[in-house]
Amino acid sequence: MISHEQIPTVLDHPVYDAGDNKIGEAKHVFFDDVTGQPEWVSVKTGLFGTSETFVPIHDASVVEDHLKVPYAKDTVKDAPNVDVDAGGHLSEAEEHRLYEHYGIDWDVSWQQANAPGEGGWAQAGTDQARRGEDAMTRSEERMHVGTERSEVGRARLRKYVVTEEVQKTVPVRREEVRVEREPITDANRDDAMAGPDISEDEHEVILHEERPVVETETVPVERVRMSTQEHTDEETVHGKVRKERIDTEGVEGDDPRGT
């Protein structure tokens, strides 16, 4: 069991299980109504400390800067959720559920708590978070905001074939027959008189023309790949946190509105 002097060392410090595995952070210490001894500690567990569970500290010990309890981490995290009333007490029914979970004999514990001269915890419940007999701890919640990565869509490359009409103009040549006549002159008279005087003859000329010819070839034109680029935006997150306030009565010079 831890002492009253060790409570400041326990609060807001890590809690480890029997196998030296961290369970969470100690947030409140609960005292026995009869003996005034620390009997329970509430531990913040889960992501960002979103869950709070109760652990018996009757057999716990302070090791350096943390509290070590004789229970496994899974046992503590699986402890039943209990409600604390406005006066900072655990009801008899809530304590009974916790005793059963941690394998503590309710009847034996009750007898020890109420036997003359014996310590233990009272059946009525426990007081919340006192740092000694004449002081109490004021606590408040802190909001921790993180991020998680999730899939929002997928992108892919797909290649397919389309046919386009292409129009180009190219020059084409063709041959046409042109009849040329030249008069007989002294220069060509010998050639003109070389044949018979009167005869039949025939000359043939082959005509040519060009036609467009279309051929296609496949050539690479570009490389396409996909990559991702991160952009950072800012989003405002709203949440609610609870804060404890402490009012004073009959204290001269103190603000009656509380802390």
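This section describes the fold, the strand pairing, the nonpolar core, a surface patch and the salt bridges of a predicted model.

The protein contains 5 helices and 7 strands. Along the sequence these elements are arranged in the pattern α-β-β-β-β-β-β-α-α-α-β-α. Buried residues make up 24% of the 259 residues of the protein. The exposed surface comes to about 21400 Å², of which 46% is supplied by carbon and sulfur atoms. When contacts between residues at least 6 apart in sequence are considered, 58% of them join residues at least 24 apart.

Strand E2 spans residues 22-32 and is mostly covered, with 8 of its 11 residues buried. E2 pairs with strand E1 (residues 14-16) in the antiparallel sense through 3 bridges. Within this pairing, Pro14 has Glu25 of E2 as its bridge partner. The two strands form a hairpin with 5 residues between them, and Asp20 in the turn adopts a positive phi of about 65°. E2 also pairs with strand E3 (residues 38-45), again antiparallel, over 6 bridges. Here the bridge partner of Phe31 is Pro38 in E3. The hairpin of E2 and E3 likewise has 5 residues between the strands, and Gly36 takes a positive phi near 75°.

The largest nonpolar core holds 28 residues, and the members that touch the most others are Trp40, Val41, Val55, Leu67, Val69 and Tyr102. At least two residues of this core come from each of helix H1 (7-10), E2, E3, strand E4 (51-56) and helix H3 (92-101). The greatest contribution is that of E2, with 5 residues. For Leu67, leaving aside residues up to four places away in sequence, the residues touched are Ile2, Val10, Pro14, Val15, Tyr16, Val41, Ile57, Ala60, Ser61 and Val62. Among these contacts of Leu67 is Val41, itself one of the core members with the most contacts to other members.

On the surface, Met143, Val145, Val237 and Val241 form a nonpolar patch with about 330 Å² of accessible area together. Val145 is located in the loop between strand E7 (126-128) and helix H5 (189-192). Val145 has a relative accessible area of 52% and is therefore classed as exposed, the cut-off being over 50%.

The salt bridges number 15. In one of them, Glu52 is joined to Lys44, with 3.7 Å between the closest N and O atoms. Glu52 is partly exposed, at a relative accessible area of 28%. Another salt bridge links Arg173 and Glu210 at 2.8 Å, N to O. Arg173 lies in the loop between E7 and H5, whereas Glu210 lies in the segment after H5, so this pair ties together parts that are 37 residues apart in sequence. In the bridge between Arg138 and Glu140, the closest N and O atoms are 3.6 Å apart. Arg138 is partly exposed, with a relative accessible area of 33%, and Glu140 is also partly exposed, at 29% relative accessibility.

Note on methods
Residues numbered from 1 in each chain as written. Predicted model: local features only at pLDDT ≥ 70, side-chain atom pairs only at ≥ 80, totals over all residues. Heavy atoms only, no water. Buried < 20%, exposed > 50% of the residue type's maximum accessible area, 1.4 Å probe, protein only. Helix = DSSP H or I, 4+ residues; strand = E, 2+ residues; numbered from the N terminus. Pairing = 2+ DSSP bridges. Patch = residues over 30% accessible without salt bridge, like charges linked within 9 Å, V, L, I, M, F, W, Y side chains within 5 Å. Areas by Shrake-Rupley, 256 points an atom, 1.4 Å probe, with all protein chains shown as cover. Salt bridge = Lys/Arg side-chain N within 4 Å of Asp/Glu carboxyl O. Contact = heavy atoms within 4.5 Å. Core = buried A, V, L, I, M, F, W, Y, C linked by side-chain atoms within 4.5 Å.
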